[in-house]
Amino acid sequence: MSFLQNILQNQSVSIVGMEKNTGKTECMNYIIRSLENKGKVIAVTSIGIDGEGLDQVTNTHKPEIELMENMIFVTSEKHYREKKLTSEILNISEQQTSLGRLVTAQVKQRGKVIISGPTTTLWLKQMISEMPSYGADITLVDGALSRKSLGSPSVTQSMILTTGAALSPNLSELVRKTKFVFHLINIEQFIHPLSSQMIAIENGIWAIDDTDGLHDLEIPSTLLLEKYKDRLFRFGMTLFVSGIITDKILDLLRLQKNIKNTVLIVKDFTKIFVSPESLNAFLKKGGKIKVLLKTKLMAVCVNPTSPEGYVLDSNKLRDSLSETLGVPVYDVFQMNE
Amino acid sequence: MAFKTCMNQNGGLRFIYDQLELQSSIGRKRMLNQRFITDSFALQMEIDILSEVIQWLEKDSSTTLIGNIGLNLHQINDIQQTISNLSNGQVLDDIQLFEIKKFAILSQNIVNELHKNNYFTLPFFDLNKVIEILDPENNKIAHFYIYSSYHPKLEEFRKNINQAASVQETEEWKWKALQLEDEIRAQLSKKLQVFHEELQKNLEQLAYLDMLIAKAKLAVTKRWCRPQLGNETTHFLQLYHPSVQAVLEKSEKKFQPIDIDLFNAPCLITGANMSGKTVLLKTIALAQFLFQFGFYLPAKEAVVMPVEHVLFSIGDQQSEMNGLSSFAVEILNINNIILNAKHGTIILALVDELARTTNPEEGKALVSAFISMMNKYKVNALITSHYSGITASCRRMRVKGLTLNKINEKINPNNLGDFMDYSLVETDTDQVPMEGLRIAEIFEIDEEFLMEAKKQIKHE
């Protein structure tokens, strides 16, 4: 099955970049152009970013995307007002993001627009589910591996990961890093009656007791773990961190005597910011890690060129990645030609 | 005083608010900003309109009607800011024009539903003209952009953008199109400006409708009663406190409903510990609030005298006022009641365990004095007390308290409620029931301590 046929099997696909300049925008643009020729209506949105002004300051990781006639897009009021295309407004959300409400619109005359999106996982999920009612065949979600993203791209049916020389100019290092993320993507899903309730939680560290009771441990942040260590195991060893996890929590849990019974739950793999060393040590000692939301990795797209000008051999890169990961690997820059 | 302010001080009202199925943010805002209605005429109107919506809900055909209205209300956004911009003569952008169009369509849908069902009580303006202005292609859906059909030139410019030979040419046509679009936005805004009052009124009416339907649904599902305006009495038959009842129901217990008549005079209520005196006061306060915020009431029958203020002195307020002792807080609340009474404000005063933290001699004196003042100024006041020997003349009621008819079963702290009869009886003695020691026994307090206490009573 070709790349595009594969994409069309899904109602929603997220495109997640491992690093800036790994070709996420190019990948997105490529998919959009290719699907347009197939007469499909595509909807596009993005994972909202926490913290206002961030976009305006760095302005690098939110590039404009070129959209074609009839495409649907969701973006913030701020970015809607800055759009360089003609579009018909279909709806406006009641809920606010730091960049204003979200506008759903359909392109009437092609052009470019910056895409911003829902700031929570639930909202993103709801947005994706609304898209077919506007006539969309498939929804693409622009996702990022960033500590600032709140929503999880894993609510989509499938995912495309983009990687490339920007991550490392050394081929084996690049493969190693990509493989690590691939492992994170494949972490076992936590299937439980409480999971839909847990997805909605935006703050804190929680515990699930033996009788399936969910308790807020009242630890304001994982940064303050040391101070509140005595609170951590009040309700047993099944812990849920609603935000991101770092080496700190893994190292702390590893040193506890009941590590073998410890289950650490996070929302999805994008919330895991740990070093391979810490994770391995944690797992080897008997600790378990699970995710609430899991999605299927459909393909990996590579950009062999780094922003500094290093160029890796595209064929070699694709071969060694697909051999290691067992999923199709594409170079969208070559597919364009 | 707004509902929101009251709700923040009164858990019972918050519980009611959480039960309301309000569909829109404007409905929620309307409810939270609802004034405490003190004018009899306005109250009567409010009850009449609500009862009409309730009758309408009770018809068989209402389910689809309410469903359809709810669906439309649910999609309404608060466009207050946009309407204000419009009335100030500002040029609206596409997002704001979209908001107006969507609102007008939803408003029109709801009005059509209402009229189809012969419901004309709430007046609405016809917004079809507004829709026409924003729907030049007659699509009848709430989407919007500057349609090419607004101006023949626009279509031409847009075509040229696509067919331009160079980037520079494209930019030129884009610039021309943009200028023309802006001109059209200005014209549309000007045309719409004359409708700003109609839009404003409909926004308010729809918020009101949302609130009414939510109140009506609550009244119907909970079988609440239509309150009547009282002139010289307040009368409740089987009044209950919804949130307390909900808590009791969780442990499979029932709230014993309250039957009580109140007049413009003080009434002293005595009863043992745990006999529900505080809940009684809270229930009456809640009923008074619900009545004057335009709700039906959780009772079988209710006749209520409207008041200007409901004033409390009910314990546990110490933490709210920093640095004052509980007695100081209490005495300031009492003073507030007296000042209001003297000023001639019509109030309902609810005073729990007046002067309980001071010594009994002074306590009794304060209670008697307070009752005399309430008598003098003809204030509808409910005062609970533990003190015997309060001599001031007033109406007295007693909570029946522990009953003996289930004597075979052993009373323990958990089933104590089953043996409590919470009903009120009129009494004329100034002696209060002596049940404190019995209740202490039930809690299996140290025997020596109890014996000693009993000895002390005999000595007196």
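**Domains and contacts of chain B**

In this predicted model, 19 residues of domain 1 of chain B are in contact with 16 residues of domain 2 of chain B. On the domain 1 side, the helices that each supply at least two residues are α1 (3-9), α2 (11-19) and α4 (40-58) of chain B. Of the elements on this side, α4(B) gives the most, with seven residues. Sorted by class, the domain 1 side that touches domain 2 of chain B has 10 nonpolar, eight polar and one charged residues.

The domain assignment of chain B places domain 1 at residues 3-213 and domain 2 at residues 225-459. Taken over C-alpha atoms, the centres of domain 1 and domain 2 of chain B are separated by 48 Å.

The chain as a whole comes next. Chain B contains 18 helices and 10 strands. Its radius of gyration is 31 Å, whereas the globule rule gives 23 Å for 460 residues, so chain B is more spread out than a compact globule. The C-alpha trace of chain B spans about 110 × 50 × 45 Å along its principal axes. Of the 460 residues in chain B, 35% are buried. Among the contacts in chain B with a separation of 6 or more, 76% are between residues 24 or more positions apart.

One pair of helices in chain B can be followed residue by residue. Helix α3 (residues 25-32) of chain B packs against helix α11 (residues 196-222) of chain B at an angle of about 75°, and their axes are 8 Å apart. Angles of 65 to 115 degrees count as roughly perpendicular, and α3(B) and α11(B) are therefore roughly perpendicular to each other. From α3(B), the contact is made by Ile26(B), Gly27(B), Lys29(B), Arg30(B) and Met31(B). The residues from α11(B) are Leu203(B), Leu206(B), Ala207(B), Tyr208(B), Asp210(B), Met211(B) and Ala214(B). By class, this contact of α3(B) with α11(B) has eight nonpolar, one polar and three charged residues.

Chain B also meets chain A. Here 13 residues of chain A are in contact with 12 residues of chain B. On the side of chain A that touches chain B, the elements giving two or more residues are α4 (77-81), β5 (84-97) and β6 (100-114) of chain A. The most comes from β5(A), with seven residues. By class, the side of chain A that touches chain B has five nonpolar, three polar and five charged residues.

Key: Residues are numbered from 1 along each chain as its sequence is written. Chains are lettered from A and ligands numbered from 1 in the order in which they are written. This is a predicted model: local features need pLDDT of at least 70, side-chain atom pairs count only at pLDDT 80 or more; totals for chains, interfaces and linings use all residues. Axes are lines fitted to C-alpha atoms, for helices over the stretch in contact, and angles run from 0 to 180 degrees between N-to-C directions. Helices (H or I, at least four residues) and strands (E, at least two) are DSSP runs, numbered from the N terminus. Angles under 35 degrees count as roughly parallel, over 145 as roughly antiparallel, 65 to 115 as roughly perpendicular and the rest as oblique. Two residues are in contact if their C-beta atoms, placed from the backbone, lie within 7 Å. Ala, Val, Leu, Ile, Met, Phe, Trp, Tyr, Cys and Pro count as nonpolar, Asp, Glu, Lys and Arg as charged, and the others, Gly among them, as polar. The radius of gyration is taken over C-alpha atoms; the globule rule is 2.2 Å times the number of residues to the power 0.38. A residue is buried if 20 or more other C-beta atoms lie within 10 Å of its own, exposed if 12 or fewer, and partly exposed in between; C-beta atoms are placed from the backbone. Domain bounds come from an automatic or database domain assignment.
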